[in-house]
Amino acid sequence: ITAAAAVTTSSLYAYNTRSSNTDNTMSSTTGGGSIICAGLSCLDLQLVGCTQSGSDEAIERYDEAIHCAGGSASMTATTLALLMKEQQHEEVHVITKIGPDFAGNTMLEFYRRAGASTRLVLSDESARTSMAVLPIFQTGKRGCYVNLACNDGFSPDEMLQQVDQYFVNDSSTGPSPARAFLFGYPHLMPKMQGAALKSMLENVREKLSSDDNKVLIAVDLNGVDGSDTTVARSALIPALSEIDVLHLNEDEAMVLSSSSSSTAANDGDDGSNSLLSSALLSQISSFHEHGCAVVLLSLGSKGAFVSVTPDAKRLQQLSSSECNMAMSQWNAGTQVHVPAFKIEHGGVNTNGAGDALFA
């Protein structure tokens, strides 16, 4: 489907398979319902195997060109849809904004092939679909050149209109309950930042929740610009009280910190807090103090770090007790390091790995 999402998904599948000696992880944790993946999207053109001579005007080479549906909404939705293909009562919906052009039509086809529903995608006749060119260098690193196009104008009102469309269903039984709303890349969506982001998430929670179902609100970060930390913080901090799960990496966490300390980390993998610098741990605590319930921190080859708020009352707001994996039943104050696992099947294009972890 998409090179990055497919590779990352197969890796996740292999991990789940190895972990299934005691139980079937996927089947035991899903109780039916829908997941909505919303936010930024773009059609990616990945240039795989790029040379990098260091000269601005050098003629560089690449091995392969791959189109895939990029951005948080796309990568998260296609990963989840692929993982949940065998689940009969699970649906993955995409809410994003595209134009009536080649890039938009191509992304819709990628969504359909993965098994994600496209009925909530907003197609604006006057808009242009975002596109990105990503040189994937032979070192494994990547560049990114993007025209955000219709993402720049995607407004909270448009987002909420598409959420309302979730309840417009031809079935006599209506849509299944929404279990989660996963939103990505507010720092690259100028109309969905700060107070506007907070208000949008509040409204989404109100629309999708009921007495019997508390929707989970999660936010994934990308494009956090370190050149102005005040602007970067103001785009997110006011909305933290509405975010149940926040996903980001070490660099993004420190940009959002009021501290200028570096992210020193050792190579320990025993799950202790010594894996992270004191400045990073302090910033994670700050996210909790502002109301975020769970912080999921990507650590690259070191794995991931999960921190749960010490506020037990905040945890109780997260999910219905009927859910098999109710986060409201987690232990307040828990912090866990999840080591990375080795991928056995050759070279991996890691573009989209963070989105897959978020999924």
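Which residues of helix 9 are buried? In this predicted model, where local features need pLDDT of at least 70, side-chain atom pairs count only at pLDDT 80 or more and totals for chains, interfaces and linings use all residues, they are A279, L280, L281, Q283, I284, S286, F287 and H288. Residues are numbered from 1 along each chain as its sequence is written, and side-chain values use heavy atoms, with hydrogens and water left out. Buried means under 20% relative accessible area (1.4 Å probe, protein chains only).

**Helix 9**
- Helix 9 spans residues 278-289, and its 12 residues reach 16 Å from first to last C-alpha, close to the expected 16 Å (1.5 Å times one less than the number of residues).
- Helices are DSSP runs of H or I with at least four residues, and strands are runs of E with at least two, numbered from the N terminus.
- The buried residues of helix 9 pack against helix 7, helix 8 and strands 11, 12, 13 and 14, where contact means heavy atoms within 4.5 Å.

**Helices 5 and 6**
- Helix 5 (residues 156-165) packs on helix 6 (residues 194-208) at about 10°, with axes 10 Å apart; the axes are lines fitted to C-alpha atoms over the stretch in contact, and angles run from 0 to 180 degrees between N-to-C directions.
- The two helices are therefore roughly parallel (angles under 35 degrees).
- Among the residues that meet are M159 and V163 of helix 5 and M200 and V204 of helix 6.

**H337**
- H337 belongs to strand 14 and is buried, with a relative accessible area of 8%.
- A polar atom of the H337 side chain lies 2.6 Å from the backbone oxygen of K302.

Definitions and conventions
Buried < 20%, exposed > 50% of the residue type's maximum accessible area, 1.4 Å probe, protein only. Parallel < 35°, antiparallel > 145°, perpendicular 65-115°, else oblique. Polar contact = N/O pair within 3.5 Å; in protein donor to acceptor, adjacent residues only side chain to side chain.
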